[in-house]
Amino acid sequence: MAKHCNSRTLTAIILVCLIGSAYVVQRTEGVWLTIPSTGTKCLSEDIHSNVVVLANYYAFNEENPEQTFSISARVTSPYGNNLHHNENVTHGQFAFTTTEGGNYLACFWLDSHHQQAGPVTLGLDWKIGISTKDWDSVARKEKIEGVALDLRRLEEIVQDIHAQINYLKDREAGMREVSERTNARVAWFSIMSLGVCIVVSGLQLWHLKRFFQKKRLI
């Protein structure tokens with residue numbers, strides 16, 4: 001019986017570790033973007049509030065890796081606030097903690113004197129939430145290792161997942177409220193339209209009746 005319980009516990013721990021690892025991988029994005037010679041290339045991510053975001057980016061030419069290119073980058077919040085702005089660089093990084101939930105937008109474009117070189121590839125290493133934490137530093141600071149460190153990591157992952165679920169629930173509730181308000185307004189507009197049609201029809205009948213009475217047709 002004890003062996004069976006231990007086996008079930010071990011299986012549960014392995015399953016949670018796999019789920020947690022998959023979640024961390026999902027929250028870490030390595031993206032390759034092709035920046036056109038003219039115009040801007042943008043990437044957006046829906047992030048809830050109080051989340052740490054780290055990113056490194058660099059530009060290169062796949063056909064000629066030794067050639068360097070200068071790019072500009074801008075990161076804005078859902079309300080349009082500038083969180084990062086860098087110009088005339090070959091590489092850079094940005095880090096911030098979100099203060100509002102919504103779509104965060106990162107845009108990149110070539111500087112004017114490199115626009116004749118054609119499209120350029122941009123490497124972007126985008127980390128969000130739990131994936132930004134340095135667990136080696138945590139282990140040294142709190143003097144934990146092995147299973148204790150894994151459990152601590154899983155605890156952070158569970159908290160991050162819980163916060164994400166609450167954010168999605170709040171978004172869904174907000175969208176439902178907007179939908180209900182829109183439906184109510186459409187219903188009132190339909191009732192008003194029907195009332196206007198009835199009134200106009202009544203006025204038309206009254207006008208036609210008076211017209212026929214004046215012409216002594218009825």
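Why are Glu 177 and Arg 181 separated by about one helical turn? The two residues are four apart in helix α3, and therefore about one helical turn lies between them. The model is predicted: local features need pLDDT of at least 70, side-chain atom pairs count only at pLDDT 80 or more, and totals for chains, interfaces and linings use all residues. Residues are numbered from 1 along each chain as its sequence is written, and side-chain values use heavy atoms, with hydrogens and water left out.

The protein chain contains three helices and eight strands. Both are DSSP runs numbered from the N terminus (helices H or I, at least four residues; strands E, at least two). From the N terminus on, the order is α-β-β-β-β-β-β-β-β-α-α. Of the 218 residues in the protein chain, 28% are buried. Buried means under 20% relative accessible area, exposed over 50%, and partly exposed in between (1.4 Å probe, protein chains only). Among contacts between residues at least 6 apart in sequence, 74% join residues at least 24 apart. A contact means heavy atoms within 4.5 Å.

Side chains of opposite charge can pair when their charged atoms come close. Three salt bridges occur in the structure. The criterion is a side-chain nitrogen of Lys or Arg within 4 Å of a carboxyl oxygen of Asp or Glu. Glu 177 and Arg 181 form one of them, at 3.1 Å from N to O. Glu 177 is partly exposed at 44%. Arg 181 is partly exposed at 40%. Arg 176 and Glu 172 form another, at 2.6 Å from N to O. These residues are also in helix α3, four residues apart, so about one helical turn separates them. Arg 176 has a relative accessible area of 40% and is partly exposed. Glu 172, at 42%, is partly exposed.

Asp 46 also forms a salt bridge, with Arg 171; the closest N and O atoms are 3.0 Å apart. This pair links distant parts of the chain, with Asp 46 in strand β2 and Arg 171 in helix α3, 125 residues apart. Asp 46 is partly exposed, with a relative accessible area of 28%. Arg 171 is partly exposed at 34%.

The largest pocket has a volume of about 190 Å³. A pocket is an open set of points on a 1 Å grid over the protein atoms alone, where a 1.4 Å probe fits, with protein on both sides within 12 Å along at least five of seven lines; lining residues have an atom within 4 Å of a point. Grid points are joined across faces, edges and corners, and the volume is the space filled by probe spheres set on the points. Helix α3 (residues 147-214) gives the most to the lining, with four residues. The lining includes His 48, Asn 50, Lys 133, Glu 156 and Asp 160. By class, the lining has four nonpolar, five polar and three charged residues. Ala, Val, Leu, Ile, Met, Phe, Trp, Tyr, Cys and Pro count as nonpolar, Asp, Glu, Lys and Arg as charged, and the others, Gly among them, as polar.

Most residues other than glycine have a negative phi. Asn 50 has a positive phi, near 60°. Asn 50 is in the loop between β2 (41-47) and β3 (52-60). Asn 50 is exposed, at 66% relative accessible area. Asn 88, in strand β5 (residues 82-89), has a positive phi of about 55°.
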